[in-house]
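I opened my notebook for a friendly look through this one. Here is what I looked up, entry by entry.

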Number of protein chains: 2
Amino acid sequence: MASSSSLHLSQALLAPAVYLHGSSSERMSLSFPSFSGLKSHSPCKAPTTSAVSRRRGASSTTLVRATAVETLDQTTEVSLVEKSINTIRFLAIDSVEKANSGHPGLPMGCAPMGHILYDEVMRYNPKNPAWFNRDRFVLSAGHGCMLQYALLHLAGYDSVKEEDLKAFRQWGSTTPGHPENFETPGVEVTTGPLGQGIANAVGLALAERHLAARFNKPDNEIVDHYTYVILGDGCNMEGISNEACSLAGHWGLGKLIAFYDDNHISIDGDTQIAFTESVDKRFEALGWHVIWVKNGNTGYDDIRAAIKEAKAVKDKPTLIKVTTTIGYGSPNKANSYSVHGSALGAKEVDATRKNLGWPYEPFHVPEDVKKHWSRHVPDGAKLEAEWNAKFAEYEKKYSEEAAELKSIISGEFPAGWQKALPTYTPESPADATRNLSQQNLNALVKVLPGLLGGSADLASSNMTLLKSYGDFQKDTPEERNVRFGVREHGMGAICNGIALHSPGLIPYCATFFVFTDYMRGAIRISALSEAGVIYVMTHDSIGLGEDGPTHQPIEHLASFRAMPNILMLRPADGNETAGAYKVAVLNRKRPSILALSRQKLPNLPGTSIEGVEKGGYIISDNSSGNKPDVILIGTGSELEIVAAAAEDLRKEGKAVRVVSFVSWELFDEQSDEYKESVLPASVSARVSIEAGSTFGWGKIVGSKGKAIGIDRFGASAPAGKIYKEYGITKEAVIAATKELS
Amino acid sequence: MASSSSLHLSQALLAPAVYLHGSSSERMSLSFPSFSGLKSHSPCKAPTTSAVSRRRGASSTTLVRATAVETLDQTTEVSLVEKSINTIRFLAIDSVEKANSGHPGLPMGCAPMGHILYDEVMRYNPKNPAWFNRDRFVLSAGHGCMLQYALLHLAGYDSVKEEDLKAFRQWGSTTPGHPENFETPGVEVTTGPLGQGIANAVGLALAERHLAARFNKPDNEIVDHYTYVILGDGCNMEGISNEACSLAGHWGLGKLIAFYDDNHISIDGDTQIAFTESVDKRFEALGWHVIWVKNGNTGYDDIRAAIKEAKAVKDKPTLIKVTTTIGYGSPNKANSYSVHGSALGAKEVDATRKNLGWPYEPFHVPEDVKKHWSRHVPDGAKLEAEWNAKFAEYEKKYSEEAAELKSIISGEFPAGWQKALPTYTPESPADATRNLSQQNLNALVKVLPGLLGGSADLASSNMTLLKSYGDFQKDTPEERNVRFGVREHGMGAICNGIALHSPGLIPYCATFFVFTDYMRGAIRISALSEAGVIYVMTHDSIGLGEDGPTHQPIEHLASFRAMPNILMLRPADGNETAGAYKVAVLNRKRPSILALSRQKLPNLPGTSIEGVEKGGYIISDNSSGNKPDVILIGTGSELEIVAAAAEDLRKEGKAVRVVSFVSWELFDEQSDEYKESVLPASVSARVSIEAGSTFGWGKIVGSKGKAIGIDRFGASAPAGKIYKEYGITKEAVIAATKELS
């Protein structure tokens, strides 16, 4: 049982504390003229004992007793530690107060673990937040972002200066209301929607483990960092976190260390009203090592010991349950939901200052605290310099591997990688675009060192297996096929973590297109946080047939076309699938969704990679002077329908242009001139067809055009039958054309 | 610990078997001329022992030994039971074979538990699938639908006759590729997307518990049924199932009994590749009672005993882990993914017939099996008649409660309920539509006996508390405020279960509008399965301000407008919020999403409940002859912007019509004449404004109109600042108008 082994381990770790515990007189020697001294040792409201006794399943977890942990600096006096912790608390309090908006409760409760992580444990370089081998930190409970901003500020990151704290939650600041990696260097991923962060962290830890397994040598462990997370009750209630944590346990990601801020409070009040499961036991069931720090408010050594124990457990991720008091230090609001999501108010801020013995004006960082933290800038530079030297050694000895790793670190792909993309002619055999997709993946993996991914238990349907690689598993982490199980939401968020680990990592993930509904939360974060994940979404229409309406996407194309900063691509054949991959790989700051067919499609004359890059383009035309009688527009599996309709119509003497509209977003980005050359304003006879919702097509076909599509749910029947019954046919296109022109 | 108490219980239940175990000669007496006899006792490929030994955490669960359970019929010979089970298997095999599409593996493996449930345990009336007090059955592993169709067929449901089995997965049949409640009476909910079914079942069990607590009397337990589920590995990997099951444990839903089809196989192969957590321990952590039936293939008495034990545990839901062999009986495909999702093929069907000793032609139900099952039609009628008599008694004694319960059972609401809807005048104080929503909920709960619901830990932000009720909790299940915790996806699916339990139950659920991304899978099933859930979605735009882009919906309105059979409503003020609720309550077969503001909005002249019912309507107009100079269109919080712009423009002499476009779907359903009266084709000068994606507006404003909206992500700043920076202003509307006219 996990609990007994962890007990054993924690006993083995019971070593004398190396921290200098300041005597009370030493603490008093700090001068706070108008207050009675540091009070952070006095228990705040809501003693933790009663809180603890409510938790079930406690007996099987490990209580860590006072001990110490190796740190970068082992000589900090406890009084200074507490001063630093209170600095963090008040930077959060003051910033929220100034903004009159935000979440002070978590930073106040988590300041101790935050301090220990950033001041004692983590390895990073404040002046280069992108240093490859840094430890990653994810605040999964993203509403507590002031914790992270305060820590980045103290650590010397340029992204969070005093004026940035003062601009918390204001227009154009680097300190938005939730952590956003694209706004604030030093923030790894974008959190706030609960559960995303812990799943991102699983992706970051996966990336580390994979790269370490691929590139580390017995004499040179060039990839070697930890991933730390703080998550709260909210994250732990979300299904996505269970999905991702089940995988983390399965994969044995030993360098993933998660702090569960166990404060018993969520927005609706005490977690007793909706959350009485045993989190400890659940994580043990998921294969995690679980440690409980009962006093997260002042049990600094317990937190340190827990981290040391977590690091010693190398084959399992660790959950450190840290019982804290939300809003610690606030005499009247601590331990209640009222401190979760609003400013304390001037009166309570005063009372908290008094209670914690904090005489300083808002935003003040005491000199000794500032001085103490100032070492992180030189220390960080040193860490990076040492690593750079190590990499130089590595490069000398292992030049091939070094080149691959460099590509992953920099995001610069090997020259000419595009040549690997397969091309097709109309004579190439008809094939499903999901199969063509697999040809692309297998071609690209040979030239892109950072390509890896997999499916949510549909690899053989999504056609996502990399044939020259095995499975990424606990014992084979160097492999590149990732098996996500039936966990779409977790999969998407894990891929966001992988993508944001290093610019050259290109994660792809797959399921049926309709099940993007299960992972939309993560997909939106890909788009927002500029994570270039490739979403390989097969079975993209009623064309999947018998599985029926639960499996047939209808509104999904429209729903992603409406989403900012994402590319919705629906290729029609081999060349377009290759084009879609080219676009997807090149767009490292914009995720791509590839909607791919289950059914076979012919390779059409006129399709091309270059065409796809323009989003919409002419694949055939028998008109002249940019004045066709009609423009027929199709995407994906319906492009062959418009191509066939055009042939028939041309036989009847019509001048017909056929346009493939593979990506609306890319077409939108073309010049007005180009757009006019494809869809001339003067031609109002336009017919579109797509086996999906017509929503949005009105803008393309115009008020006089006709959009053929499906504005109801699908049906269970053979695909051909549904196409016919739903009128997604050549005949429908021809009839519509005749009505219009 | 749960495991020790369950062990105790199972020992207490060790009673002599009452089943007549046929001797081997008796079994041989059944005539199968060309085969060597019934072989279902011979172990198939892949002995369960090895399968079992791979599972971790087994020691803490209970092994149920041979015993028996109370059944409706305790005299069935085991040979007949096995014949019935094989009938189920071959109906599934034959139907999938004929369709050349489908999933035979689960029905073959789960036929024993299916038989026991439908033949021995469940209480239902085949001729009235809607009988209120029936036991509910949910096949969460919906791909195995042939199991349920075979059972409904044997039990005598009119919805699944032999010809329906032969039309499996064909156009227009009652036997679609996954269970669909709207196609097949006898199917309770729509499953297929994994994890939905178990969460629906939690909703069904919640409904039973709530209604029982409200209406049962010491002398008359008028509400009293169980909810049974079969779920597989796939369901158990999905986060939604963890969310819902955590709540089921929290609520102590003792009459929820779930069978976990533990067959070690998912589509990608052995579950070892992605699913090695201890499911047993996880469910124990969630507060469930867990039982393990090691031999689900032939351990009939073990299954029966487990059900008996589950029923005896009244304060916890029970998970019965039943270890089975997927595709049991198929000599070459059992226990492999190849039997999961495709027809066996003629050769393997033959081999399976030989292996299981099945001499019959396809679709044949042996006479003795038919005869045996035939009792369910009269028995079911009797059950319902008895209950009807009970209800008559109840009605006599408890007329008031009976009237309420009748309304819930029938879906007929008390006359004049609409009068409870609040109305407003322009003089009413400005208020956020989320607050107005709460006024409606609290007014409606007084007149609608079936209204209940809650929020995903945002009750005080979503404003969803019913002030005259307490919380639905384990000890107070009669209350109507449901606390879902931070579990959006589970919440939506639970509400689907509640809605589909009884026509008069009206569940509502709430979170921030942006987090519909977390629950879209469930929302789509609401729409598809005609579950009239009311989605109360607040903080519906950048108007929420400082929380920033992770919390600000952009594309969400468009994404739901594109979804079939759902009403997307964005009311602008008090009257429109009341109108939205009227529409939502009346649409019992179509879910509604209400997008509501965080910020205060004025009550505008011209808004009305009747207007909302038309979807789009004129709130003010100074034009004549249906020829305004310009039509300004707004929704929700932007309606006040167009109203203000219109005032300014009118002062300049323009003839301006202002249209509220609160629901596109409702407007679409109006007559062409009405539509023309609101948006005359001759007026091309149209300006729309909405704080969301412009996607789709092209069709409304036309090629010459202008849609003002937001086609990028939001930002963290005070709301007014973002509105200004993003150009969602009166000035922008006026400028656009001047460009157009």
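I began with the surface: the accessible area of chain A is about 22800 Å², and carbon and sulfur atoms hold 51% of it. Areas here come from the Shrake-Rupley method with a 1.4 Å probe.

I noted the ground rules: this is a predicted model, where local features need pLDDT of at least 70, side-chain atom pairs count only at pLDDT 80 or more, and totals for chains, interfaces and linings use all residues. Residues are numbered from 1 along each chain as its sequence is written, chains are lettered from A and ligands numbered from 1 in the order written, and side-chain values use heavy atoms, without hydrogens and water.

Next I checked burial: 69% of the 741 residues of chain A count as buried (under 20% relative accessible area; exposed is over 50%, partly exposed in between; 1.4 Å probe, protein chains only).

Then I turned to salt bridges (a Lys or Arg side-chain nitrogen within 4 Å of an Asp or Glu carboxyl oxygen), and the count over all chains is 69. I found A:E690 and A:R561 paired at 2.7 Å, N to O. Both A:E690 and A:R561 are buried.

B:R375 counts as buried because its relative accessibility is 16%, and B:D119 is buried at 0%.

I also saw B:K406 bridged to B:E395 at 2.7 Å, N to O. B:K406 is partly exposed at 41% relative accessibility, as is B:E395 at 29%.

Last entry: which residues form a salt-bridge network with B:R520 and B:R524? I found A:D517 and A:E555 linked with them.
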